[in-house]
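The sequence and the structure come first.

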Amino acid sequence: MIEENIEAYCAQETWEADDYIKTVRGYLVIHHNISKETWNNKNSSEKRGGVRKGVAIILSPRFSKAYAAAGSPQPITTPQDSRFVGRFIGVTLLFPSINPKGKCIRNKPTKIFLSSIYHPSQNAKEKKKEYLQR
């Protein structure tokens with residue numbers, strides 16, 4: 001992200017447990033997945049292969065300021081008791097509006113909702129094979 005000047009990155013299949021917000025090298029990482037407590041309480045057949053799912057949004061320092069300008073609201077996520085936990089996260093960002101002359105327009109901010117959504121396919125291998133055989 002740093003080298004390519006990427007402002008926001010949406011990730012799926014993080015395979016990390018818990019909801020958290022932390023800063024890494026100036027970038028804000030907002031993560032959502034099943035809690036460690038809920039994961040530890042599952043039976044062993046459900047835990048095969050470790051924690052799955054997980055979504056995250058990583059914001060550059062500039063976009064982190066837009067998140068703060070929006071009031072740093074709690075991310076919108078799927079509920080912890082949902083079978084879809086760890087598949088959706090979204091945050092609101094608030095940017096100043098800029099006129100064509102490059103000046104900030106007061107009281108006219110631009111609001112953006114940024115989301116990261118993971119929707120796996122149960123038969124992805126079959127569909128990929130069908131697609132490649134066309």
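W15 sits in the loop between strand 1 and strand 2. Its phi is near 60°, a positive value in a residue other than glycine.

E13 is found in the loop between strand 1 and strand 2. Phi of E13 is positive, about 60°, although E13 is not a glycine. With 32% relative accessibility, E13 counts as partly exposed.

## Basis of the model

The model is predicted: local features need pLDDT of at least 70, side-chain atom pairs count only at pLDDT 80 or more, and totals for chains, interfaces and linings use all residues. Residues are numbered from 1 along each chain as its sequence is written, and side-chain values use heavy atoms, with hydrogens and water left out.

## Overall composition

The protein chain contains three helices and seven strands. Helices (H or I, at least four residues) and strands (E, at least two) are DSSP runs numbered from the N terminus. Read from the N terminus on, the order of elements is β-β-β-α-β-α-β-β-β-α.

Of the 134 residues in the protein chain, 29% are buried. Among contacts with a separation of 6 or more, 59% are between residues 24 or more positions apart; a contact means heavy atoms within 4.5 Å.

Two strands pair if DSSP finds at least two bridges between them. Strand 2 and strand 3 (residues 27–32) are joined in the antiparallel sense over five bridges. Within this pairing, I21 has I30 of strand 3 as its bridge partner.

Strand 5 runs antiparallel to strand 6 (residues 88–98) and is joined to it by two bridges. T77 has I89 in strand 6 as its bridge partner.

T78 lies in the loop between strand 5 and strand 6. With 15% relative accessibility, T78 counts as buried. Its side chain reaches the backbone oxygen of F84 at 3.1 Å and the backbone nitrogen of G86 at 3.3 Å. Leaving aside residues up to four places away in sequence, T78 touches H32, F84, V85, G86, R87 and F88.

## The salt bridge

Which residue forms a salt bridge with E7? The partner is R62, and the closest N and O atoms are 3.1 Å apart. A salt bridge is a side-chain nitrogen of Lys or Arg within 4 Å of a carboxyl oxygen of Asp or Glu. A search of the whole structure finds one such salt bridge.

The pair links distant parts of the chain, 55 residues apart: E7 is in the segment before strand 1 (8–12), and R62 is in helix 2 (residues 61–69). E7 is buried at 18% relative accessible area, whereas R62 counts as exposed at 52% relative accessibility.

## The aromatic pair

The structure holds one aromatic pair. The ring centres of F63 and F95 are 4.9 Å apart and the planes are at 70°, so the pair is edge-to-face. Rings of Phe, Tyr and Trp (its six-membered ring) pair if their centres lie within 6.5 Å; planes under 30 degrees apart count as stacked, over 60 as edge-to-face and the rest as tilted.

F63 in helix 2 and F95 in strand 6 are 32 residues apart, and the pair links distant parts of the chain. Both F63 and F95 are buried.

Definitions and conventions:
Buried < 20%, exposed > 50% of the residue type's maximum accessible area, 1.4 Å probe, protein only. Polar contact = N/O pair within 3.5 Å; in protein donor to acceptor, adjacent residues only side chain to side chain.
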